[in-house]
Amino acid sequence: MPRTLTINGQEISARSDQTILEAAREANIHIPTLCHLDGLTDVGACRMCLVEVSGSSKLLPACTTRVQEGMEVRTETERLRAYRRQIIELLFAERNHVCAVCVANGNCELQDAAIAVGMDHVRYDYLFPKLGLDLSHERFGMDHNRCILCTRCVRACDQLEGAHTIDVMGRGARSLIIHDMNVPWGEATTCTSCGKCVMACPTGALFKQGSTVAEMVRDADKLAFLRAARDRKVWNV
Amino acid sequence: MSKLRFASVWLGGCSGCHMSFLDLDEWLFDLAEAVDVVYSPVADVKTFPENVDVTLVEGAVANQDHLELIHTIRKNSRLVVSFGDCAVTGNVTAMRNPLGGADVVLDRAYKDAQLLRPQVPHDDGIVPPLIDHVVPVHAVIPVDLYIPGCPPPAKRIRAVLQAVIEGKSPEMIGREMLKYG
Amino acid sequence: MNLEELNATATSERLARAKKRHHIHVCVGTACQALNSEQIAKALQAELKQRGQSHDAEVKCVGCPGLCSLGPLVEVESRVNGQATTDAPEEDRRKSVLYQFVKPEDAAEIIAHLDGEPVKRLETPLDQPFFTRQTKIVLENCGKIDPERIEDYIAAGGYQALMKALTEMTPQQVVDEITRSGLRGRGGAGFPTGLKWGTVAKADPNAYPTNVPEGIQSRKFVICNGDEGDPGAFMDRSLMEGDPHRILEGMAIAAYAVGANHGFIYVRAEYPLAVKRLRTAIRQAQRAGLLGNGIGGTAFSFNVDIRLGAGAFVCGEETALMASIEGGRGVPRPRPPFPAECGLWGCPTLINNVETLANVPPIIMKGADWFASIGTEKSKGTKVFALTGQVVNTGLIEVPMGITLREIVFDIGGGIPGGRQFKGVQTGGPSGGCIPAQFLDMPVDYESLAKVGSIMGSGGMIVMDDTTDMVEVARFFMEFCMDESCGKCIPCRAGTVQMHRILTKIQEGKATQRDIQILEELCDMVKHTSLCGLGQSAPNPVISTLRYFRDEYEKKINGHHKSKPNGLSD
C-alpha cells in the first residue's frame, strides 16, 4: 500500500513498510545518521535521525518509525540542528577522538557529522578517559578511544556473519565493545576474521592493521550488498 | 583605514599552524598592507602588547606560562582566535591527559625512556611547570573564533583573516572550513 | 481448589482464628527483620509456651504495617469479652495495641500483659493520624496476614476475585470493569490500565514474528514489574513481602482478561525476602490449584515464573525488562511497536506494576463504581507512598488520590523533626521533581504533580527541610542516572555525565554563568532526545530545582565568564 506524506513540505510517496529514513533517502532528502547502516537492523540509538512529526509531541527516530498516510515530517528545524550538534559534541568530549592521528581521518562518519552540524568547537569538558587498544588480532585492531558505541560492529557480526563475537560490556559511560567474554580479540575463538565489523565501523575504532593516519579505506557498502543478496537474491548492484 | 594590530602566539603545539600560515605565500603581502604584526613567534617581541585587535592562538594550554599568557592575551585582545586543532580541542598536545597528571608524563619522558641517570629537570626556571591536564583555549578564556585543522589549510586561514579585516564574522561552514585533522 | 473448597478453607481458617483470644502480629518486613524481629517472634512464642498460653494466643509473622521508623512493630489484637463465638463480625469485638521499638527481651512483659493493661513504655497509639488518615486498599492485608500462608490470604477473602472473574465474567467484562474503574498505572506514568488490557486482549499474536522458547505454551504474556529502583522507594517491595498472593491473583485475573497463559514476575535480586515469599506463594497457589492448569476447576490455565533482575535501574523500563527476561542485555528499544502488540519474544504482552496488579482483585470484588468513588476526577483510587527523608514518621502509607501534600507531610508524616522548616518534597525519585512549600496544598494526583514539574512516579516521597542543599539534591539524582544509564543512546549516556560534571563544578565553586546556560541546554536536549524514560526524565530534578531554587545555583556561581563585544558583524 502506498502512503503519501510530506517531508520538509515536499510531497513524497512511500510503501507502508518503509521507514521515514528509507522514504526520505528515496526522495533524496538527507537525514543524518550514525548508528544506522544499510543491511543491519536499526536500533534507534544515536538519535541523530530524530525528526519532528506533526501531531507527535515527541521527536521520532526516522530509522525505526514507519511512514503513515498524511504524515508531515520536518528534518531540518533549528531545534533539531541544535540537538544534533549537541549530540556530536558529546561524542567528541566523551572519548579521545584525535582526527590528526587517526587512520580514518578524511574517511570518518563522525568527522563528517562534525562538519555537517557546524561544530567549530566543543562546549563541554573533554573527559579524556583512559581506554585501551587491542592489537591482538593478526589482521585487525580495535581502538576504544575512537569508539562511539553505535554497535554497528555488534550487529554486523551477529546478523551478517552469524558469529556474535562482539557485544557490549558494562553500562553507561563505562560501556565497552568486547570480544567473546571480554578476551583479547586475537584469542576470541568465535571470530572468523571476516572483517565485517571493520567494514561497519563509522570511525577509526576498528581498522586493518598496518594502516596509518588517513590510510583507512572502508567497504561499508559491501554489507548492504550481502544483505540484499541473501534476502532478495539480488547479486548485481 | 587604520591597520589592525595583529598578534599570533604559540602555546602547546608543534608550530605547524604557523607553518600553514606562512603557506599563504604572496597573500602575506596583502595581509601586511592591512595589519601590523605586533607580537608573533616570527617577530622578536618579548612581551605581549596592549590594544591588540586580533590574536591567533596556536596550541593548547599545557603549562603555567601558557596559563599566564592566555589571560594577558584575553585582556589585551579584542578578538581571540583559537588557531588549529590543539587550540580548539587539545588535540595531540592533550593526548597525555589519559595517562594522568603532570608527574606521570614527566616520568614517562625523562625517566622511563632514559637509561643513563634518569631524572626530571627540577631547577627553578629551567622549564615552565606542566599543568596536570592540557585544555583547549576556550576552557580557560572566552574565545571569539575557532579555526579547526591540523594544521588549518592556508586557504581556511586566509578566509578567516579576510573576513576579520573586513569586520565580518567568517562563515565557518562545510568541509573547507571545518574539517578537523 | 474450586469456589466451594475456597470458601470452606476460608471458613475453617476463620473458625480456627476465632478460637484464640489473642493474636500477636510481629512485622517481618525487611526493615523490622533487619532489627531482629524474627527473634522477637520466637521469643514471644517461647514465652507463650512456657506460660502454657499457646492454646489461647498465637504469634503471627506479618508484612509491613507501615510505620517503619518505630520498628520493630508488634500488634496485639485481643477479644474484648471472653466468649468464643462466631456469629458477630470479629472486628467488633476486638481491640488492638501497637508496640514500638520492641526487642526480644520485651517478650515476657508483653505476654504477661496480654490480659491486663498494655505495656505503657512500649505502646504507641493506633489512633494517631499516621493510621487514621490512611485509606488502605492495596495494603489492606499488609501487617494483618502471614504472607507465607495461603490460608491466611484465603481467610481474608483472597482468590475470591479470581474465582468471580473466571466463573461469572467474560474476559471482556473484566477488561470493561477495570476500564470503568479508572485505574491508572502505578509505575509512574499513569497510563490507563483498562486501555492497556484492552489493547493486549485485542492484539493478534501472529502480527509480529515470534520465537517463544520451547515449553512455554502461551502466545500472550503478563508481566509484573517489580523492578522497583528509585532511591527511597520501597512500596512494591513491601507489597511483595507482605501480601504476595494478592499480586498473583491480580496477575491471574489480568491473564484471563487478555488471554495469556504465562506470566513473569520481574523482581530485583536485592529483594531476597520478596523473592522468597513470592516463590512460596507461587508454590502454594499451584498446589491449591489456583495457578497452573485448569484453575479452580475451569478451563483457564496460567503459570507464573520469577525472573531476577541484577539491579539495573533501566530494567524497570518495559522494553529493557523484556529484553532481560529474554536473556538479553537489559537495554530499551524504540517504541512503537509497543509491548501490548509486540512484547516478550514478539508476543502481545501486558506489563503492569506490582501496585497496579494489587488493585485488581478489590476492583473485581467490589466493583468499578466503588473504586471510582475514591480519588479525584482523573486519578482514581489510592496511592501507596514510601515516605522518607526529614519527616517524623517514615514508612509506608496509602492515601486516597487528591489528598494534599500538606496532609501527607504534616498530618500523616507528623511534620519536620528538630523544629526545622519544610523546604520541599521530591516525588518520582530521579525521574521526578522537587516540589516547594508553595504547593503544599496542591492535591496529589497525576495531573497536578505534572503541572508543577514533577511526576507521581512509583511512590517515592522524600521530604526535605530547610538545611537541604538543593543543588546537591540535583547532583545526587544526576549521579544516580549517570550511573544507571544503560549507555545505548548518546544523549543519556554522555549527557548525564556532562550534566553531572557541571553540577559538581557548581558545588565546587568553579562554575560560571555560561555553565548554567550549558546545563539548561543539556537538560532540554537530553529530555527530548533520549531513547527511553530514564534519559527523558533524568534532567527533571535539575529542571525543577532550577525552577524553584535558582537562587541557590546563582549563589554558587563564580563570576561571569562573558565575552566582550568583538566588533564583528554577522
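How many residues of chain A are in contact with how many residues of chain B? Here 18 residues of chain A touch 23 residues of chain B, where contact means that the C-beta atoms, placed from the backbone, lie within 7 Å. On chain A, that side divides into eleven nonpolar, five polar and two charged residues; Ala, Val, Leu, Ile, Met, Phe, Trp, Tyr, Cys and Pro count as nonpolar, Asp, Glu, Lys and Arg as charged, and the others, Gly among them, as polar.

This is a predicted model, in which local features need pLDDT of at least 70, side-chain atom pairs count only at pLDDT 80 or more, and totals for chains, interfaces and linings use all residues. Residues are numbered from 1 along each chain as its sequence is written, and chains are lettered from A in the order in which they are written.

Now turn to chain C, where 25 residues are in contact with 26 residues of chain A. Helix α19 of chain C gives the most to chain C's side, with eight residues. Helices are DSSP runs (H or I, at least four residues), numbered from the N terminus.

Follow α19(C), residues 490-507, to α2(A), residues 78-94: their axes come within 10 Å and cross at roughly 65 degrees. Axes are lines fitted to C-alpha atoms over the stretch in contact, and angles run from 0 to 180 degrees between N-to-C directions. Among the residues that meet here are A:Ile87 and A:Leu90 in α2(A), and C:Ile490 and C:Pro491 in α19(C). The residues of this contact divide into seven nonpolar, two polar and one charged.

Conventions
Helix = DSSP H or I, 4+ residues; strand = E, 2+ residues; numbered from the N terminus. Contact = placed C-beta atoms within 7 Å.
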